[in-house]
Amino acid sequence: MSGPDRYAVFGNPIAQSRSPDIHAAFAAATGQAISYDRCAPAVDGFAAAAEQFFTGGGAGLNVTMPFKQDACAFADQLTERAKLAGAVNTLSNHDGAIVGDTTDGVGLLRDLRDNLGWPLAAQKILILGAGGAVRGILGPLLDELPQHVVIANRTVGKALDLAKLFAEHGYLIGCDYTMLDGQQFDLIINASGAGLAGEQLALPDDLLLPGGRAYDLTYASEPTAFLRWAAPRATASADGLGMLVEQAAESFAIWRGVRPETAEVIAGLRRFMA
Ligand code: ATR
């Protein structure tokens, strides 16, 4: 089939996804001719929809909730970081072989380290939550050699499992929220779905060290519940909009071999959301 190479994002729901706008901006800025659609397969229909997309000549897919594990199983080959994350957000068609990768972790890192300029080496880091998103970000975070990473989760077993899984990559501790009393951190990353569920985690008042920073993996036009908690306590805080654009830039680079500039796209999206 002729025409521009075809890409899409699969998720359910998908109407809220900003990925088509982000990739259109990258394509325009780098002079790449691509098309990029959004699609919501049935929750049990990822493999069939992805098969149809790729046999129809599709070049690549982004994959978001709830399909990141399905995409992992669907791929013919996985990158090392996708294996470690146990999840895939980027599928690429290499002459019929589908390669699965994950760009979430590197996206977070680029935002924290390069865009925001926050220190990570030798820092005491707390992650709230122990779901799929955390599994995706732990590898790249530990590569920055923090002093230690504590994973706190409502279901403590999942935090302990993740700490065990990544034990050889750095110093990690799993716990539940009640065990945070008396602990203090340089950086707290919220990856818990509590805010999305309309709930506020009960966090100790002095959980952030003086000069500490707060990052929420989610984003919204209004500050999240976690960022409202952090506002009087943190010297700096940020939501996950930068990470969203950075993970997309990494996917674009994998597909097109060109790394797009992100600053303008992040600023444009921020204006749009306001
Ligand atoms: P994601 O891909 O965003 O990580 P997930 O794998 O479903 O999604 O994980 C959601 C995370 O948010 C989990 O850590 C979950 O805690 P549990 O493992 O105990 O379920 C956490 N979470 C969701 N709703 C929550 C709530 N109301 N209070 C506390 N934690 C919550």
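**Exercise 1. In which strand is the place of D186? Then describe its charge surroundings.**

Step 1. D186 sits in strand β10, residues 185-190. Strands (E, at least two residues) and helices (H or I, at least four) are DSSP runs, numbered from the N terminus.

Two notes on the source. This is a predicted model, in which local features need pLDDT of at least 70 and side-chain atom pairs count only at pLDDT 80 or more, while totals for chains, interfaces and linings use all residues. Residues are numbered from 1 along each chain as its sequence is written, and side-chain values use heavy atoms, with hydrogens and water left out.

Step 2. D186 is buried but has no salt bridge. Buried means under 20% relative accessible area, exposed over 50%, partly exposed in between (1.4 Å probe, protein chains only). A salt bridge needs a side-chain nitrogen of Lys or Arg within 4 Å of a carboxyl oxygen of Asp or Glu.

Step 3. The nearest side chain of opposite charge to D186 is K124, 5.2 Å away. Lys and Arg count as positive, Asp and Glu as negative; His and the chain ends are not counted.

Step 4. Look at the backbone of K124. Its nitrogen lies 2.7 Å from a polar atom of the D186 side chain.

Step 5. List the contacts (heavy atoms within 4.5 Å). Leaving out residues up to four places away in sequence, D186 touches Q123, K124, L208, L209, G212 and R213.

**Exercise 2. How many aromatic pairs does the count come to? Work through two.**

Step 1. The count is 11 aromatic pairs. Rings of Phe, Tyr and Trp (its six-membered ring) pair if their centres lie within 6.5 Å; planes under 30 degrees apart are stacked, over 60 edge-to-face, the rest tilted.

Step 2. F10 and F53 pair edge-to-face, at 5.9 Å centre to centre and 70 degrees between the planes. F10 is in strand β1 (residues 5-10) and F53 in helix α2 (residues 46-55), so the pair ties together parts 43 residues apart in sequence.

Step 3. F10 is buried at 3% relative accessibility. F53 is buried at 10%.

Step 4. W118 and Y215 also pair edge-to-face, at 6.2 Å and 90 degrees.

Technical notes:
Polar contact = N/O pair within 3.5 Å; in protein donor to acceptor, adjacent residues only side chain to side chain.
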